[in-house]
Amino acid sequence: MQAPDDFNPAPGHPEELQPGVRRLLAPNPSPMTYRGTNTYLVGTTELAVIDPGPDMQPHLEAILACVLPGQRISHIIVTHSHLDHSPLARALSASCGAQVYGFGPSEAGRSAIMQQLVTAGMTSGGEGIDSDFVPDITVADGEILSAAGWQLEVIHTPGHLGNHIALALDDACFTADHVMGWASSLVSPPDGDLTDFMTSCARLRARNWRVFYPGHGAAITAPQERLDWLIGHRKSREAEILACLAQAPATPTELALAIYQETPAALLPAAERNVFAHLVDLAGRSKVEPCGAFTETGSFQILP
């Protein structure tokens with residue numbers, strides 16, 4: 001996690017980030033959402049609303065208040081179906097008549113190994129899945145969404161969630177929860193997949209960006225540097241896990257307690273999920289293996 005920044009806008013008051021891009025903060029601060037969810041409005045006449053946010057009436061009213069005379073909402077785009085990003089889409093659609101775009105329902109884009117874990121009985125880790133989310137229009141990787149004065153390229157970026165997308169606006173990218181400046185992204189099986197996450201990082205890293213507009217926190221003005229940090233952070237966690245397993249087999253809980261020694265107790269369950277995400281990735285690369293059943297409570301051992 002980076003040092004605290006001075007990002008603290010007032011919820012409900014739009015800020016112009018560049019011509020045709022406004023950010024509106026939802027009033028849902030928490031340890032997992034930082035100051036709250038960033039809703040973005042793109043366009044000057046026909047508007048795209050990116051991530052309407054949680055189902056909160058004041059935020060709905062704030063979004064509608066951003067629609068000025070001569071403007072209308074033409075697109076509602078959901079980057080992924082966590083409860084702090086997608087639920088308000090339906091009420092906003094009912095209020096303005098625009099259709100909701102997204103990669104698919106919450107299980108869309110789920111990797112094969114994560115589907116195996118679900119089939120075996122693993123459940124979500126409390127990150128808040130919007131299980132009712134179904135877009136009106138399903139978008140595909142590489143698809144272009146457009147209206148008067150803007151076009152957005154859909155980039156499928158699974159990892160944080162299987163149906164997660166980023167949206168490119170020329171050399172700016174709305175990265176949602178994949179890349180943020182205030183913290184590293186949560187990757188929690190069976191919804192988050194670290195192998196997919198790293199692939200998505202590499203895919204974004206291959207392009208030349210000017211700025212990232214994340215789902216939480218301030219704009220990232222050094223995108224390549226932030227991606228390098230994020231990739232390096234994950235690799236350092238992997239090294240710590242392998243170093244522990246070189247001493248003896250261990251469970252995700254035991255590894256989390258050894259590695260996250262300064263983490264508050266309330267956040268340790270998320271740390272355990274993060275460790276398990278690394279173990280799934282390492283098993284897929286034949287670096288570790290389960291000692292018995294492949295579960296989030298079982299022991300794992302290093303492979304020579």
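Modeller: Happy to! This is a predicted model. Helix α6 (residues 252-259) packs with helix α7 (residues 268-284) at an angle of about 115 degrees, and their axes are 8 Å apart.

Biologist: How should I picture α6 relative to α7?

Modeller: The angle makes α6 roughly perpendicular to α7, because angles of 65 to 115 degrees count as roughly perpendicular. The crossing of α6 past α7 is right-handed.

Biologist: Which residues make the contact?

Modeller: From α6, P252, T253, L255, A256 and L257 take part, and from α7, L268, A271, E272, V275, F276 and L279. In this contact of α6 with α7, nine residues are nonpolar, one is polar and one is charged.

Biologist: Nice. Let's switch to strands. How do β5 and β6 pair?

Modeller: Strand β5 (residues 72-77) and strand β6 (residues 99-102) are parallel, with three bridges between them. As an example, I77 has Y101 in β6 as its bridge partner.

Biologist: And which helix makes a unit with β5 and β6?

Modeller: Helix α2 (residues 88-96) does: β5, α2 and β6 form a right-handed β-α-β unit.

Biologist: What about β6 and β7, parallel or antiparallel?

Modeller: Parallel again: β6 pairs with strand β7 (residues 137-138) over two bridges. There, G102 is opposite T138 of β7.

Biologist: What is the strand order in the open sheet of five strands?

Modeller: The order is β8-β9-β10-β11-β12, and the pairing is mixed. At the edges are β8 (144-147) and β12 (211-214), each of which pairs on one side only. On average, neighbouring strands in this sheet are turned by 25 degrees against each other, ignoring direction.

Biologist: How many bridges join β8 to β9?

Modeller: Four, and β8 runs antiparallel to strand β9 (residues 150-156).

Biologist: Last topic: the backbone. Is the P189 to P190 peptide bond cis or trans?

Modeller: That bond is cis, with omega near 5 degrees. P190 lies in the loop between β11 (172-176) and α4 (194-205).

Biologist: And Y34, what is its phi?

Modeller: Y34 has a positive phi of about 60 degrees, although it is not a glycine.

Biologist: Where do I find Y34?

Modeller: Look in the loop between β2 (21-25) and β3 (38-42).

Definitions and conventions:
Residues are numbered from 1 along each chain as its sequence is written. This is a predicted model: local features need pLDDT of at least 70, side-chain atom pairs count only at pLDDT 80 or more; totals for chains, interfaces and linings use all residues. Side-chain values use heavy atoms; hydrogens and water are left out. Two strands pair if DSSP finds at least two bridges between them. A crossover is right-handed if, with the strands pointing away from the viewer, the path from the first strand over the helix to the second runs clockwise. Axes are lines fitted to C-alpha atoms, for helices over the stretch in contact, and angles run from 0 to 180 degrees between N-to-C directions. Angles under 35 degrees count as roughly parallel, over 145 as roughly antiparallel, 65 to 115 as roughly perpendicular and the rest as oblique. A crossing is left-handed if the near helix is turned anticlockwise from the far one by less than a right angle, and right-handed if clockwise. Contact means heavy atoms within 4.5 Å. Ala, Val, Leu, Ile, Met, Phe, Trp, Tyr, Cys and Pro count as nonpolar, Asp, Glu, Lys and Arg as charged, and the others, Gly among them, as polar.
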